[in-house]
Amino acid sequence: MDIQVLGPGCPKCREVEKLVRTVAAELGADVTVVKVEDFQEIARMGVFATPAVAVDGEVKCVGKVPSKAEIAGWING
Amino acid sequence: MNDLRELRIDAPGGGIAPPEAAPSPPAPDKAPGQAGRGEIKRILALGVPALALWIAVYMHLEAWADAATYGLLGLDRGSAFASALAFFLYDGPKVLLLLTLVVFGVGIIRSFFTPARARRLLAGRGEAWGNVMAALLGTVTPFCSCSAVPLFVGFVTAGVPLGVTFSFLVSAPMVNEVALVLLLGLTGWKVAGLYLVTGLLVAVASGWVIGRLKMEGHLEEWVRLIHAGQDQPEAEPGWPGRVRAGLDAVRDIVGRTWPWVLAGIAVGACIHGWVPEGFMASIMGRDAWWSVLAAVGLGIPMYSNAAGIIPVAQALLEKGAALGTVLAFMMSVIALSLPEMVILRKVLKPRLLGVFVGVVGLGILLVGYLFNIIL
């Protein structure tokens, strides 16, 4: 499973990346976390506010820091 | 992450309010769909007493600050230090309390307006009315400055006219809830209202002017070539979700800005205590015609958030600086900042970026001079 964290690198975007990695490690899930910082790539995914999270290319949350429970929900999907 | 969801409403007891003290109850971690009537009842059961406590504390702040300064510490009435301290002890908790309540309310309002919804609302709008709507949406849509580029691309690719997009981009940072609360708390509703109305006017007018200049050719190539994807379907959060959004906003915004607020109020308190009455009148007064120009020139490269600059602005006003000059200074600090320009440079060619700064700067200058002439 690939999880993409979309954001140019502001503190909130980094927080989301850390959170996703933490939750994935806690669940022991086989997850690759990719940080997408390129604006063209972000815009192409239809995301207009960062930070955003996509799971296998499907956007799950936009413009906010998700809760741990939300992230766990996507991973267990 | 979730520790703040536990109830933490402590009476500030004359000291400084804990920034996390939410004026309303937390919502438990539950999917929005599961939220039932019981949860709404719980919100009311905790929220109403919390609000009552908020009001009770707010009403007594001045008395407590006085008691602490002159009673508890036994300082001399009329000494500069005592006057600065009383100012700080009163204004600090007052502003933090106001900030918490208003940010909570704004957080709830914001849960109705997402950037994707703003994009849908603005797509296909003409100019003029579109500029007005964009400026209004800019004030209520949650938006952080590093989202400026994706948002800009989203708007342009949805067919929102360039000028309308700029009205949004100007009003989003300029008319800001933290600034509004601080002005309300420190200078009263008249100045706060003027700031709100003129900020919106500058956003509408500068977007309209940029639209008239027909500078679509000055966007970076990739912006025009890109095809932005579909916007994502959004789930309706429901009321418990909206309350949670309000609490998240408090944790995020108040949690982030309270040191700046207190630092700004401390500077304001020093000006209040030590700078003589009428001192600012000569350099920032109405008669110094160049003062507005200097204020804007000084404000643009400065980078501070509203939280730090407004207590300073209030203290300047109190010592005789003219309202127009102070408003112009504040607006240029908040609305035009170097980091934001660096980000916008990714989508705008230098000329359009220059026009953006020029038009907004000019609008702010006009506001400054107008107020100095009228008031």
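In what order do the four strands of the open sheet in chain A lie? The order is S2-S1-S3-S4, with mixed pairing. Strands here are DSSP runs of E with at least two residues, and helices are runs of H or I with at least four, numbered from the N terminus. Two strands pair if DSSP finds at least two bridges between them.

This is a predicted model: local features need pLDDT of at least 70, side-chain atom pairs count only at pLDDT 80 or more, and totals for chains, interfaces and linings use all residues. Residues are numbered from 1 along each chain as its sequence is written, chains are lettered from A and ligands numbered from 1 in the order in which they are written, and side-chain values use heavy atoms, leaving out hydrogens and water.

Strand S1 (residues 2–6) of chain A runs parallel to S2(A), and five bridges pair them. Gln4(A) has Val34(A) in S2(A) as its bridge partner.

Strand S2 (residues 32–36) of chain A also holds Lys35(A). Its side chain makes a polar contact of 3.0 Å with that of Glu37(A). A polar contact is a pair of N or O atoms within 3.5 Å; within protein, one must be able to donate a hydrogen and the other to accept it, and residues adjacent in sequence count only if both atoms are side-chain atoms. Beyond four places in sequence, Lys35(A) touches Val5(A), Gly7(A), Gly9(A), Cys13(A) and Glu17(A); contact means heavy atoms within 4.5 Å.

Now the interior. A nonpolar core is a set of buried Ala, Val, Leu, Ile, Met, Phe, Trp, Tyr and Cys residues joined through side-chain atoms within 4.5 Å. Buried means under 20% relative accessible area, exposed over 50%, partly exposed in between (1.4 Å probe, protein chains only). The largest core has 113 residues; Phe166(B), Met330(B), Val347(B), Leu348(B) and Phe356(B) touch the most other members. Helix H2 (residues 80–110) of chain B gives the most to this core, 12 residues. Another core lies apart from it, with 16 residues, among them Ile3(A) and Val33(A).

Which disulfides are there? A search of the whole structure finds zero; a disulfide needs two cysteine sulfur atoms within 2.5 Å. Cys61(A) is buried, at 5% relative accessibility. Its closest cysteine sulfur, in Cys13(A), is 11 Å away, too far for a bond.
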